[in-house]
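Reader: I would like to learn how to read a structure like this one, feature by feature, starting from a turn between strands. Could we go through it slowly together?

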Amino acid sequence: MTSAAVKWMDRLPAWLEESRKQAAFGQVAAYIPELAKAPADALGISILDGAGHEIAAGDSGLTFTMQSISKVFTLLLALMDNGEEAVFRKVGMEPTGDDFNSMLKLELVEPGIPFNPLINAGAITISSLIHGATPAEKVERILAFFRELSGDSGLEIDEAVYRSESATAHRNRSLAYFLKDNEVLGEEIDVEQVLDVYFKHCSVLVTCRHLARMALVLAYNGTDPITDKPLVPRRFVQIAKTFMVSCGMYNASGEFAIHVGIPAKSGVAGGILALVPGRYGIGVVGPALNDKGNSTAGVHLLRTLSESNGWSMF
Ligand code: DON
């Protein structure tokens with residue numbers, strides 16, 4: 001990295017400790033019982049550049065499940081499997097302004113398709129579009145794709161989190177059955193099987209470095225800069241990054257765009273995947289969340305980094 005980069009790298013540990021204080025204003029997600037075990041005041045970050053150099057600070061070794069961050073990558077796989085037109089017959093392109101698990105607009109706004117692929121209703125629909133003869137094959141294809149993007153062939157599902165979500169996901173079940181009734185999930189589709197694929201991809205266990213590496217591929221428009229391997233068509237990465245800016249932090253996406261100004265996606269286990277186009281892939285974890293479902297300390301740290309380094313795209 002350049003000498004200018006070295007300066008902010010040196011300040012990263014102090015910034016992180018300052019941001020860690022924000023964890024006190026959030027709460028660890030408890031609606032998936034297994035997630036409630038996460039350490040509330042943890043905060044970690046990994047930043048990878050195109051040459052594969054990593055800067056890490058804080059609790060970057062903590063393992064956590066991807067949760068909604070996985071939705072960016074199932075969207076990419078669904079686009080690669082089906083093409084743009086088929087995917088956007090089933091999900092829209094607009095932010096909702098509602099909570100990530102809301103079903104309000106499914107009934108209110110015709111034709112009753114999910115507003116975007118990053119809210120739960122949209123991501124469940126996307127799960128139904130992943131190719132595979134059986135649910136197990138779909139999950140294997142998703143895992144293989146995540147492993148390739150993260151550069152780690154050992155990436156696995158956290159079985160305890162998966163079971164915990166599956167046993168308590170009454171709201172997601174309601175959403176999925178509503179989608180079935182609206183014929184967004186077609187006649188041939190088994191709702192429970194789609195949900196199972198969805199719960200499993202949300203439960204992929206990662207560290208900040210995995211997220212940073214996956215983000216790096218997006219930062220370099222679909223080609224892994226470390227291996228030079230093209231992994232995702234540029235057009236689909238463009239679509240995913242646009243959704244990250246408009247809907248990635250749910251109904252706090254506007255505020256995040258103003259304060260941080262880079263594509264990002266949060267998950268309820270406290271992860272945030274972010275990227276600086278053409279430069280860095282970033283993975284953050286801070287399990288204490290605000291009322292929008294985003295890591296309080298993680299958002300604070302990304303804001304500090306963006307303001308100090310002039311990262312905003314806008
Ligand atoms: O479906 C759920 O509720 C979780 N598996 C994922 C939600 C999530 O991560 C929302 N993100 N902030």
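Predicted model: local features only at pLDDT ≥ 70, side-chain atom pairs only at ≥ 80, totals over all residues.

Reader: How many bridges join strand 9 to strand 10, and in which sense do the strands run?

Author: Six bridges join strand 9 to strand 10, which covers residues 280–285, and the two run antiparallel.

Reader: What pairs with strand 9 in the antiparallel sense over three bridges?

Author: That partner is strand 8, residues 264–266. Here Ser-266 stands opposite Ile-272 in strand 9. The hairpin of strand 8 and strand 9 has four residues between the strands, and Gly-270 takes a positive phi near 105° in it.

Reader: How should I read the two faces of a strand, and which residues of strand 9 point which way?

Author: The general idea is that in a regular strand the side chains alternate between the two faces of the sheet. In strand 9, Gly-271, Leu-273 and Leu-275 point one way, while Ile-272, Ala-274 and Val-276 point the other way, and all are buried. A residue counts as buried if 20 or more other C-beta atoms lie within 10 Å of its own. Because six of the six residues of strand 9 (residues 271–276) are buried, the strand is largely enclosed by the rest of the structure.

Reader: Which strands does strand 2 pair with?

Author: Strand 2 pairs with strand 3 (residues 54–58) in the antiparallel sense over five bridges, and six bridges join strand 2 to strand 10, again antiparallel. Leu-48 stands opposite Glu-54 in strand 3, whereas Ser-46 stands opposite Gly-283 in strand 10. In the hairpin of strand 2 and strand 3, which has four residues between the strands, Gly-52 takes a positive phi near 90°.

Reader: Turning to the whole chain, into what domains is the protein chain divided?

Author: The chain is divided into domain 1, made of 3–67 + 208–309, and domain 2, made of 68–202. Their C-alpha centres lie 22 Å apart. The contact takes 33 residues from domain 1 and 30 residues from domain 2. On the side of domain 1 that touches domain 2, the elements that give two or more residues are helix 10 (208–219), helix 11 (234–247), strand 8 and strand 9. Helix 11 gives the most to that side, with seven residues. The residues of this side of domain 1 divide into 19 nonpolar, eleven polar and three charged.

Reader: Why does the ligand lie between domain 1 and domain 2?

Author: Both domain 1 and domain 2 give residues to the shell around the ligand, so the ligand lies between them. The residues around the ligand include Gln-67, Ser-68, Asn-120, Glu-165, Cys-202 and Ser-266. The shell divides into three nonpolar, eight polar and one charged.

Reader: Which residues does the UniProt annotation "binding site" cover?

Author: According to that annotation, which belongs to an unreviewed entry, they are Ser-68, Asn-120, Glu-165, Asn-172, Tyr-198, Tyr-250 and Val-268.

Reader: Where is Glu-165 placed, and what is Glu-165 in contact with?

Author: Glu-165 has its place in helix 7, residues 159–168. Glu-165 is buried, with 25 other C-beta atoms within 10 Å. Leaving aside neighbours within four places in sequence, Glu-165 is in contact with Ile-32, Phe-199, Cys-202 and Ser-203. Ile-32, in turn, is found in the loop between strand 1 (27–28) and strand 2, and is buried, with 22 other C-beta atoms within 10 Å.

Reader: And where is the place of Tyr-198?

Author: Tyr-198 is in helix 9, residues 191–202. Tyr-198 is buried, having 27 other C-beta atoms within 10 Å. Apart from neighbours within four places in sequence, Tyr-198 is in contact with Ala-123, Ile-124 and Ser-127.

Definitions and conventions:
Residues numbered from 1 in each chain as written. Near = placed C-beta within 6 Å. Nonpolar A, V, L, I, M, F, W, Y, C, P; charged D, E, K, R; others polar. Domains from an automatic or database assignment. Buried ≥ 20, exposed ≤ 12 C-beta atoms within 10 Å, placed from the backbone. Pairing = 2+ DSSP bridges. UniProt positions renumbered as here; feature names shortened; annotations may be inferred. Contact = placed C-beta atoms within 7 Å.
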